[in-house]
Amino acid sequence: MKRAFALPLLLVFLLTGCSGRTSAGQAAGTEQTPSPEQSSAAQPVTGTVFAMDTVMELTIYGGEDLLSAARERIEELESKLSVTEESSEIYGVNHSGGGTLSADTADLLSRALDLCGRTNGALDLSIYPVVRAWGFTTGEYRVPGRGELEKLLAHVDYTRIDLDEASGRVSLADSMEIDLGSVAKGYTGDQVIALLREHGVTSALLNLGGNVQALGGKPDGSPWRIAVRDPFGDGYVGILEVVDQAVITSGGYERYFVEDGQTYWHIIDPAAGAPVRNGLVSVTIVGESGLVCDGLSTALFVMGLEDAAAFWQQSDDFEAVLVTEDGQIHITEGLEDVFSLPDQGSGLEGVTVIRRG
Ligand code: ADP
Ligand code: MG
């Protein structure tokens with residue numbers, strides 16, 4: 001018997017501490033073309049966008065027009081990056097072995113390929129045929145046979161995605177397909193934040209389906225408080241205080257199915273062609289770049305605790321919270337002062353701090 005779950009749960013939820021005094025509609029009428037001074041208005045405009053297969057919540061201290069601009073930017077990126085929309089650039093490339101990409105898509109692909117190399121293939125943008133074989137693209141879940149997976153894995157190798165960034169020309173070796181699902185939301189968050197910044201916004205919070213990205217701090221200058229979801233329940237394992245950073249989680253509980261008592265989730269080990277099972281249940285990455293955090297949340301999940309810790313020790317652009325199957329929380333040392341447990345009184349008791357040396 002097969003049971004299927006596809007839980008559209010937000011993996012990180014927000015503890016904003018603001019009281020939501022005003023509706024987005026009220027703020028809307030008051031600010032048409034915000035100048036930099038006006039845009040850190042006391043009341044935020046808030047809006048929801050359904051895109052990239054998830055619910056996105058935008059909170060912007062600025063005018064309603066900025067909400068529309070953000071929404072348009074998200075929709076524009078989705079229409080280029082979608083792996084399923086027939087009119088998208090990625091769909092076109094996947095179905096004709098190559099093509100010419102717009103500047104956005106070429107930029108994302110180029111930087112995402114760098115992450116594939118940096119993680120030694122733990123992140124592999126060509127994993128899509130395997131993701132599809134397990135049913136994660138449609139929800140018709142199944143456990144593919146070894147032979148089937150081996151055939152598909154012959155076409156999984158990000159080093160055979162050939163991109164000329166200047167011209168945007170990309171070509172794929174035969175039967176390869178690209179999926180930017182592991183990085184698209186992080187890149188989109190970066191783009192929306194850049195757009196808001198250009199318009200003088202100094203405070204905003206984006207929750208793109210559990211990918212949280214902060215522009216500045218709260219309007220009073222204090223940090224945003226972002227809860228890291230408990231992979232085992234509805235609560236949270238801790239709170240992170242951030243300013244100008246992304247907090248991005250990959251969790252096994254997000255999309256999974258159970259067959260014959262085994263849980264299979266949507267994060268695939270490209271070496272095995274199967275869902276990762278290495279003792280981790282969630283990986284949260286904190287850093288300046290949404291794209292990097294998004295790619296690394298997937299990649300460090302694939303690496304497992306030990307390799308992820310070693311990878312962090314050689315890096316200087318992110319911090320991490322890793323939760324294991326037995327409920328242990330590990331944080332990298334840069335988070336020591338900004339991570340707190342739900343029980344305020346207990347300090348960081350029970351949390352393991354990963355250090356550099
Ligand atoms: P989500 O998008 O659900 O927040 P992730 O950012 O971790 O989670 O991305 C997971 C998605 O990335 C999967 O649904 C799948 O399409 C794709 N994926 C799974 N494993 C890998 C991998 N090792 N490398 C690149 N992409 C992957
Ligand atoms: Mg990711």
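1. Helix 2 passes helix 7 in a right-handed crossing. A crossing is right-handed if the near helix is turned clockwise from the far one by less than a right angle, and left-handed if anticlockwise. Helices are DSSP runs of H or I with at least four residues, numbered from the N terminus. This is a predicted model, in which local features need pLDDT of at least 70 and side-chain atom pairs count only at pLDDT 80 or more, while totals for chains, interfaces and linings use all residues; side-chain values use heavy atoms, without hydrogens and water. Residues are numbered from 1 along each chain as its sequence is written, with chains lettered from A and ligands numbered from 1 in the order in which they are written.

2. The axes of helix 2 (residues 64-81) and helix 7 come within 10 Å and cross at roughly 145°. Axes are lines fitted to C-alpha atoms, for helices over the stretch in contact, and angles run from 0 to 180 degrees between N-to-C directions. From helix 2, Leu66, Ala69, Ala70, Arg73, Ile74, Leu77 and Leu81 take part; helix 7 supplies Ala184, Tyr187, Thr188, Gln191, Val192, Leu195 and Leu196. Contact means heavy atoms within 4.5 Å. By class, this contact has 11 nonpolar, 2 polar and 1 charged residues. Here Ala, Val, Leu, Ile, Met, Phe, Trp, Tyr, Cys and Pro count as nonpolar, Asp, Glu, Lys and Arg as charged, and the others, Gly among them, as polar.

3. Helix 7 (residues 184-198) also meets helix 8. Their axes come within 7 Å and cross at roughly 165°. The two are therefore roughly antiparallel, a label for angles over 145 degrees. Ala184, Lys185, Gly186, Tyr187 and Asp190 of helix 7 touch Gly290, Leu291 and Asp294 of helix 8. The classes are 3 nonpolar, 2 polar and 3 charged.

4. Helix 8 (residues 290-303) has helix 4 (residues 103-118) as another partner. The axes come within 10 Å and cross at roughly 45°, so helix 4 and helix 8 are oblique to each other. Leu108, Arg111, Leu115 and Arg118 in helix 4 face Leu291, Val292, Gly295 and Leu296 in helix 8. That contact holds 5 nonpolar, 1 polar and 2 charged residues.

5. Now the ligand. Of the 18 residues around ligand 1, Asp179, Ser250, Glu254, Ile268 and Thr298 come nearest; a residue counts as near if one of its heavy atoms lies within 4 Å. For an N or O atom in the side chain of His266, the distance to an oxygen atom of ligand 1 is 3.0 Å.

Definitions and conventions: Angles under 35 degrees count as roughly parallel, over 145 as roughly antiparallel, 65 to 115 as roughly perpendicular and the rest as oblique. A polar contact is a pair of N or O atoms within 3.5 Å; within protein, one must be able to donate a hydrogen and the other to accept it, and residues adjacent in sequence count only if both atoms are side-chain atoms.
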